[in-house]
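Open the model in your viewer and keep the selection tool handy. We will go from stop to stop, picking out a few residues each time.

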Amino acid sequence: AMAKITKKLEQCVSRGDYYQAQQLCLSLFSRNKRKDPAKAYDTLVSGAKLLFPRGDVTAGSELALTLSKSYIDSRLDFEPENMSRLLVLVESYPEAEVLGSDEKAKLAVQNCEKFVEQCAKWCYLHHRRREAAALYEKLGRYTLRSVGEEFSGRALMHSMKGQNLSDVAAVISFAASRARPDEEDLIIAKVLFRYVSARGRASPHELSNYAKVGKALLDMYEKEAGRSLPDTPLMHFVRLALEALEMSSDKLLSKLQSKYSLALGQDPEIAATVHSLVSVLKPKQKKPPSIMDMFKLFA
């Protein structure tokens, strides 16, 4: 049955009638989604895989988004074949070379972002954070490949939601290579503290764990860039701050913050993030009992 559907789609595409191909997929999806949902979903995937290589981002994306929205609305069970469709579609989004212009490449990335956000939402419904992370990893790589020059910040954001440190290191290296040499340490410090803070803000214990991850990220950056980290006061602070975080020592981090205040003053975001990390490490003081609480003791 799928072979017949694919043949019809190929005929539409070969005539250049992409809109007709899209409408055929949507019609078949609506017809089959109740009696044979697997067939309905496979129809959308087949259509998108035929349209994307032709550079039709809009028509292909509508099919992809129809699928992800249906996954969420129907609370579709988490099964390997259901997840596989999502991975196939993310990998099918057209490359910049196929699209031929920066504007089309941006549109493709923006549509892929919407698709992955919906896919991740479906994963979270089933407490599948690792699978959602795998989708964000692919999105981060796609963003960097397609429009890294302009969207490197977004590529970094997606990669940070993934679990692959080498992807994060690759984005940092890309951004640093496009910046002035004297800005390299700022880029590294900003990304590293943003990463550690986002992942470990809940408790000193989590911060300690992610400080170790931060050290690994610096090592990966050196391998990716093919050179040592810059020998600057800010990089010295970064190394020492990670040690303080790993030890869960708010006093040491506060002293380092004071000693390297000039280096931290180069970027308000870095200074603010470090201040928030100190707050996480500081022991929480118990509030003194209120007068009402004291009266309750005698009730």
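Is Glu-222 buried, partly exposed or exposed? Select Glu-222 and see: this residue is partly exposed, with a relative accessible area of 21%. Here buried means under 20% relative accessible area, exposed means over 50%, and partly exposed lies in between (1.4 Å probe, protein chains only).

A word on the model before moving on. It is predicted, so local features need pLDDT of at least 70 and side-chain atom pairs count only at pLDDT 80 or more, while totals for chains, interfaces and linings use all residues. Residues are numbered from 1 along each chain as its sequence is written, and side-chain values use heavy atoms, with hydrogens and water left out.

**Stop 1**

Glu-222 belongs to helix α11 (residues 204-225) and Arg-239 to helix α12 (residues 233-246), so the pair ties together parts that are 17 residues apart in sequence. Helices are DSSP runs of H or I with at least four residues, strands are runs of E with at least two, and both are numbered from the N terminus. Arg-239 is partly exposed, at 34% relative accessibility.

Now select Glu-113 and Arg-154. In this salt bridge the closest N and O atoms are 2.6 Å apart. The pair links distant parts of the chain, with Glu-113 in helix α7 and Arg-154 in helix α8, 41 residues apart. What about their surroundings? Glu-113 is buried, with a relative accessible area of 8%, whereas Arg-154 is partly exposed at 29%.

Next, pick Lys-190 and Asp-267, whose side chains form a salt bridge of 3.0 Å, N to O. Lys-190 is in helix α10 (residues 184-200) and Asp-267 is in the loop between α14 (261-264) and α15 (268-281), so this pair ties together parts 77 residues apart in sequence. Lys-190 is partly exposed, with a relative accessible area of 25%, and Asp-267 is buried, with 11%.

For a network, select Asp-42, Glu-81 and Arg-85, which are linked by salt bridges. How many salt bridges does a search of the whole structure find? There are 19.

**Stop 2: the nonpolar core**

Select Leu-67, Leu-86, Phe-115, Trp-122 and Leu-135. These are the residues with the most contacts inside the largest nonpolar core, which has 50 residues. α1 (2-14), α2, α3, α4 (57-73), α5 (80-92), α7 (102-125) and α8 (129-161) each supply at least two residues of this core. The helix that gives the most to this core is α7, with 10 residues. A nonpolar core is a set of buried Ala, Val, Leu, Ile, Met, Phe, Trp, Tyr and Cys residues joined through side-chain atoms within 4.5 Å.

**Stop 3: helix α2**

Select Ala-21, which sits in helix α2 and is buried at 2% relative accessibility. From Leu-24 to Cys-12 the separation is 12 residues in sequence and 9.2 Å in space, C-alpha to C-alpha.

**Stop 4: positive phi in two loops**

Most residues other than glycine have a negative phi. Go to His-127, where phi is near 60°, a positive value in a residue other than glycine. His-127 is in the loop between α7 and α8 and is exposed, with a relative accessible area of 71%. Then go to Ser-248, which is not a glycine either and has a positive phi of about 60°. Ser-248 is found in the loop between α12 and α13 (250-259) and is partly exposed at 29% relative accessibility.

**Last stop: Lys-35**

Select Lys-35, in the loop between α2 (18-32) and α3 (37-51). Is Lys-35 buried or exposed? Lys-35 is exposed, with a relative accessible area of 64%.

Notes: Salt bridge = Lys/Arg side-chain N within 4 Å of Asp/Glu carboxyl O.
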